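These are my notes on a predicted model.

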Amino acid sequence: MTSFISNHHMKIFWVFFALIIFLGCKKEPVGEEGMTSATNLDSDDTEVSLTGDLQVSDFVWKGLNNYYYWQEQVSELADSKLQNSKSYAAYIAANKDPEAFFYDLNHPDDRFSWIQDDYTELENLLQGVFATNGVEFGLTYACEGCEELIGFVKYILKGSDADGKNIKRGNFFVGVNGTTLTVNNYRSLLFGEELTYSLDLASVVSGTIKETGESVELTKEENFESDPIQISKIFNTAAGAVGYIMYNQFVADKSTQLNEVFGDFKSQGISNLILDLRYNGGGSIRNCIELSSMITGQFTDEIFAQEQWNSKVTNQFFNTDSQKENLINRFLKNLGDGTPINSLRLNRLFVITTSESASASELLINGLDPFIEIIQVGERTVGKNVGSITVYDYIDNMGTKNPDHTFAMQPIVLKIANSEGYADYSEGLEPSFQIDEDLRNMGIIGDEDEPLLSAALDLVNGTGKISTRKALFNRSLLIQDPLLLSRQKMISDTKIPTNRLLVKGDDK
């Protein structure tokens, strides 16, 4: 396994190197050293075998026992469970549903870990590749105490099926294929297997939702690759050229395109930047640092963020001064391929956030805060100050995945702080100027009159007084997007050698 050599070379995006989480050795019995899963064990003349579907539950327990951030605080993940191979096998056999088992083992403070039964789907999702018709929407109850729902369009993904059709940001819909949306059917209607459906549009008249009689047919494209750079433009204002970019996901593969946008900003001599992260749920830590380095440039090699893993991982892999450097994320001057970063060397940044801004979006704000002035406009963020890695069920040191199943986990493995050690924002980052997105006046994203962007431009120009504005709808009526959890992510790029299980007392 590769030895530790340099911080920046050791931090690579997981999709290329799969984060080498070795949880295999399925064919050797669990002994006192706790090496791996048991096979063909019997207890009281009854065979207890960790084969078939039980391999997944075994994989779940071993992965969380090794790398889970809260491992020491979850009694069911104690190393002592591996002291007796038969009792461990019986324990796994009693937890045959791997998904239920995974969530039962989660710490009460964990809002973000998840497991997926198809790792290809997970990999695509983390790269911004998924099935979509391009309508990014939210849902809210039509009224207090009722079951009917109203959908509202947040934005349209460029290049998607919906792009150019008769549907846009701020539109409402109340049904699918003529069936009224309710809390009982919205998952099957909107998130089911059907690739093509029609949204029944509606409008708001005097505070009342009414169907318009119009509908728009949409078709989901399998493996659609979204562009995280939704909009980039330059405004010519009294304060000079102001750059604006709406960035919707931190994707390492998009570093070159992002750098090109900042090259244009630099050539146009922008003096201020508005970064729109209102729908950005996070992504690659490396890409977050690259973007932060594009915004600045005067802090190369200084500490941007510091990772905190569980003690088992820390003691095993980060116990020397040189190894501890791998927990440090520093400002960069080059992309991963060696291309120089186009840095603006700004001393202040305007950031637009909402209650959907999470993970790497919050990391960018928190990481830059000790260095430059951050003016945050919009809503309080999610409060995801923890990061994850993808854990596969490898069966050898060569990275061979278990052919018997396709499960993978995305567990929380670290907490991340800025250069001053601050990481306590689990309740979210409070904006400098609270302005809620209003469903009745959403505006056009990227337009100078859109409420949040307009407020940010006023602050840049120093014109007018920005007052706190509350939305004209009750946020308690919002329905959580079932896909939102998988979009709110902060993916660690730290590479650690994991060619064995990290059981205390194992000196092999």
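**Entry 1: strand pairing.** I looked up the bridge partner of Val-176 in strand 8 and found Thr-179. Strand 7 (residues 172-176) and strand 8 (residues 179-180) pair antiparallel over two bridges. The two strands form a hairpin with two residues between them, and Asn-177 in the turn has a positive phi of about 55°.

I then followed strand 7 to its other partners. Strand 9 (residues 196-205) is joined to strand 7 by four bridges, in the antiparallel sense, and Phe-172 stands opposite Ala-202 there. Strand 6 (residues 149-156) also runs antiparallel to strand 7, with two bridges; Phe-172 faces Phe-152 on that side. I checked the cover of strand 7 as well: five of its five residues are buried.

**Entry 2: core packing.** I searched for nonpolar cores. The largest has 77 residues, and Phe-262, Leu-273, Ile-295, Leu-349 and Leu-364 touch the most other members. Helix 3 (residues 54-67) gives the largest share of this core, seven residues. A second, separate core of 31 residues includes Ile-150, Ile-231, Met-246 and Ile-435.

I listed the contacts of Leu-364, leaving out residues up to four places away in sequence; among them are Phe-250, Leu-275, Cys-288, Ile-295 and Leu-349. Cys-288 is buried, at 0% relative accessible area.

**Entry 3: cysteines.** I searched the whole structure for disulfides and found one. Cys-143 and Cys-146 form the disulfide, with 2.4 Å between their sulfur atoms. Is Cys-146 buried or exposed? Cys-146 counts as buried because its relative accessibility is 15%, under the 20% limit. Cys-143 is partly exposed, at 35%.

Technical notes:
Residues numbered from 1 in each chain as written. Predicted model: local features only at pLDDT ≥ 70, side-chain atom pairs only at ≥ 80, totals over all residues. Heavy atoms only, no water. Disulfide = S-S within 2.5 Å. Buried < 20%, exposed > 50% of the residue type's maximum accessible area, 1.4 Å probe, protein only. Core = buried A, V, L, I, M, F, W, Y, C linked by side-chain atoms within 4.5 Å. Contact = heavy atoms within 4.5 Å. Pairing = 2+ DSSP bridges.
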